[in-house]
Amino acid sequence: MHTEGKENRGEYLKELDLASLPGVGPATKQKLIETGIKTVLDLASRGTGEVSDVFGGDTGKASELINKARNRLIELGLLPKDFMTARQLLEIRNKIARITVGSKNLDRLLGGGIETGAITEFYGEFGSGKTQICHTLAVTVQLPKEKEGLEAGAIYIDTENTFRPERIAEIADDRGLDPTSVLDNIVVARAYNSAHQELIIRELGDYLGTGGYKLVVLDSAVAHYRAEYLGRGTLAERQQRLNMLMHQLLRLAETYNVAVVITNQVMAAPDFYFGDPTRATGGHVVAHTVTYRIYLRKAGKNRIARMVDSPYLPEMETVFLINEKGIDDPEETHRRR
Ligand code: GTP
Ligand code: MG
């Protein structure tokens, strides 16, 4: 397992050394490392604000250096070029890998599963299945490619203390995988508050750089921010931090070509007479950064998922359920196949 990523890494490791970038001497390299930026991949996935500390707050120098890192990744074929033909873009899109969610219905809704290089958001009320989807994905990403997995590990950031290894073992067992090795391939981080959550996300490069992980779960993305910023007066600051978080996640997804899955709660909208009575928390900042948004709701024993705001997938609905396999299709879908 994971050997493919590691072999690739060996080939371009020298080019990913910070000191290999023009203008980065030993002192700058040392300062970058002290900031937690250890490789060119790390650097390319950071925002200007974080890197500018190394240059005494000079954001111009910081963005210049980040661009050098991004250009290096473009040369190595790890990031797409700024300008390219639509056909080249299609070729890149064809390389996007997908992870099954465990239900054919849900996979179809997603255009074949969760995408690498993108952020997918599941939002809905309590008990709608967000955490169960995250658990299932942490297992299915480990499935062999012919079974719609990526033979890679998962990183699970748990902000609500709802991650259950026992549940992972059950799902793995039911899907014919060895529970012990599946558990070994999931790295769990419990985030105690929003600042801790941000710190964990900054450290993700250490794991993603190995190439052995293809899924990052953040369950949930917004809950800590919601709890910590109660007064309306602090809303602007909250949205600014959420904005940074979301862009950081998007850069990680693109730079390391991993799937990022976040969950989000709903809040009762004040104007619930108009349209849907519930909408996701986090406002426009979250809505505009995620690539795919899926709204979940309960329908008796079943769950209904709806694709919302997808760049190219149709807005449609589908049915799934939660059982010992994690996420599964309803009986009638199984029978039809
Ligand atoms: P919040 O985090 O509270 O907002 O909810 P959520 O959307 O994350 O809900 P979650 O994914 O935890 O789904 C909870 C539902 O999944 C429960 O109501 C159960 O119906 C089902 N469920 C949870 N654990 C299990 C399990 O071990 N086995 C089975 N069969 N169902 C489970
Ligand atoms: Mg949950």
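Buried area is the accessible area (1.4 Å probe) that two parts lose on being put together, summed over both. I applied that term to a predicted model, in which local features need pLDDT of at least 70 and side-chain atom pairs count only at pLDDT 80 or more, while totals for chains, interfaces and linings use all residues. Residues are numbered from 1 along each chain as its sequence is written, chains are lettered from A and ligands numbered from 1 in the order in which they are written, and side-chain values use heavy atoms, with hydrogens and water left out.

**Entry 1: domains.** I looked up the division of the chain and found domain 1 at 9-75 and domain 2 at 96-336; such bounds come from an automatic or database domain assignment. I noted 29 Å between the C-alpha centres of domain 1 and domain 2. To their contact (heavy atoms within 4.5 Å), domain 1 gives 10 residues and domain 2 gives 10 residues. I recorded a buried area of about 940 Å² between domain 1 and domain 2, with 44% of it from carbon and sulfur atoms.

Entry 2: I searched for salt bridges, that is, a side-chain nitrogen of Lys or Arg within 4 Å of a carboxyl oxygen of Asp or Glu. The rule finds 1 salt bridge between domain 1 and domain 2. I also listed a salt bridge between the side chains of K38 and D206, at 2.8 Å from N to O. For polar contacts, I used pairs of N or O atoms within 3.5 Å; within protein, one must be able to donate a hydrogen and the other to accept it, and residues adjacent in sequence count only if both atoms are side-chain atoms. Across the interface of domain 1 and domain 2, I found 4 residue pairs in polar contact, both at pLDDT 80 or more.

**Entry 3: ligand 1.** I counted 13 residues around ligand 1, the closest being G127, G129, K130, T131 and Q132; the criterion is a heavy atom within 4 Å. I then read off distances to oxygen atoms of ligand 1. A backbone N or O atom of S128 lies at 3.2 Å, and a polar backbone atom of G129 at 3.1 Å. From T131, an N or O atom of the side chain is 2.8 Å from a ligand oxygen.

**Entry 4: the whole structure.** My search of the whole structure gave 12 salt bridges. I looked up the one joining the side chains of R72 and E75, at 3.7 Å from N to O.
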